[in-house]
Amino acid sequence: MCLMLLYQSGSDNHLERRKKFSFVYKALKNELTDDQFQCVKEYIIDGRKIKDIAKDRGVHPSSVSRKIKRATEKIKRIASYY
């Protein structure tokens, strides 16, 4: 979702997309808890399944799902300011 911001401008400039990605990555890292950030990173960026993330962390998949949901809500709230 926030990563889609990277391509909304329609620019094909690789350097520009890389700068935007860096900005979004830093914003997420600063605004989310470490657990939220890691779950979102693994799920959205790395493309891992919730059950696999949960297994590696030794928690129930619903715990990972909740972290991702709360992080997503926080990201939407932050993005609404822009």
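The accessible surface of the protein comes to about 6,100 Å², and 52% of that area belongs to carbon and sulfur atoms; such areas come from the Shrake-Rupley method with a 1.4 Å probe, and for residues only the protein chains shown count as cover. This is a predicted model, in which local features need pLDDT of at least 70 and side-chain atom pairs count only at pLDDT 80 or more, while totals for chains, interfaces and linings use all residues. Residues are numbered from 1 along each chain as its sequence is written, and side-chain values use heavy atoms, with hydrogens and water left out.

The average pLDDT (the predictor's confidence in each residue, from 0 to 100) is 82 for the protein, and 84% of the residues score at least 70. A contact means heavy atoms within 4.5 Å. Where pLDDT is low, the predicted coordinates should not be read in detail.

The protein has five helices and zero strands, giving the pattern α-α-α-α-α along the sequence. Helices (H or I, at least four residues) and strands (E, at least two) are DSSP runs, numbered from the N terminus. Of contacts between residues at least 6 apart in sequence, 39% join residues at least 24 apart. Buried residues make up 22% of the 82 residues; buried means under 20% relative accessible area, exposed over 50%, and partly exposed in between, with a 1.4 Å probe and protein chains only.

Gln 36, Phe 37, Cys 39, Val 40 and Glu 42 are buried in H3. The buried residues of H3 pack against H2, H4 and helix H5 (61–79). After H3 comes Gly 47, whose phi is positive, near 75°.

Glu 42 of helix H3 counts as buried because its relative accessibility is 15%. Leaving aside neighbours within four places in sequence, Glu 42 is in contact with Gly 47, Arg 48, Ile 53 and Arg 57. Glu 42 and Asp 52 are ten residues apart in sequence, and their C-alpha atoms are 9.8 Å apart in space.

Leu 28 lies in helix H2 and is buried, with a relative accessible area of 13%. Leaving aside neighbours within four places in sequence, Leu 28 is in contact with Phe 37 and Ile 75. Leu 28 and Ile 75 are 47 residues apart along the chain, yet their C-alpha atoms are separated by 7.5 Å.

The surface carries a nonpolar patch formed by Phe 21, Tyr 25, Tyr 43, Ile 44 and Ile 45, with about 400 Å² of accessible area together. Patches are made of residues with over 30% relative accessible area and no salt bridge, with like charges joined within 9 Å and nonpolar side chains (Val, Leu, Ile, Met, Phe, Trp, Tyr) within 5 Å. A salt bridge is a side-chain nitrogen of Lys or Arg within 4 Å of a carboxyl oxygen of Asp or Glu. Tyr 25, in helix H2, counts as partly exposed because its relative accessibility is 32%.
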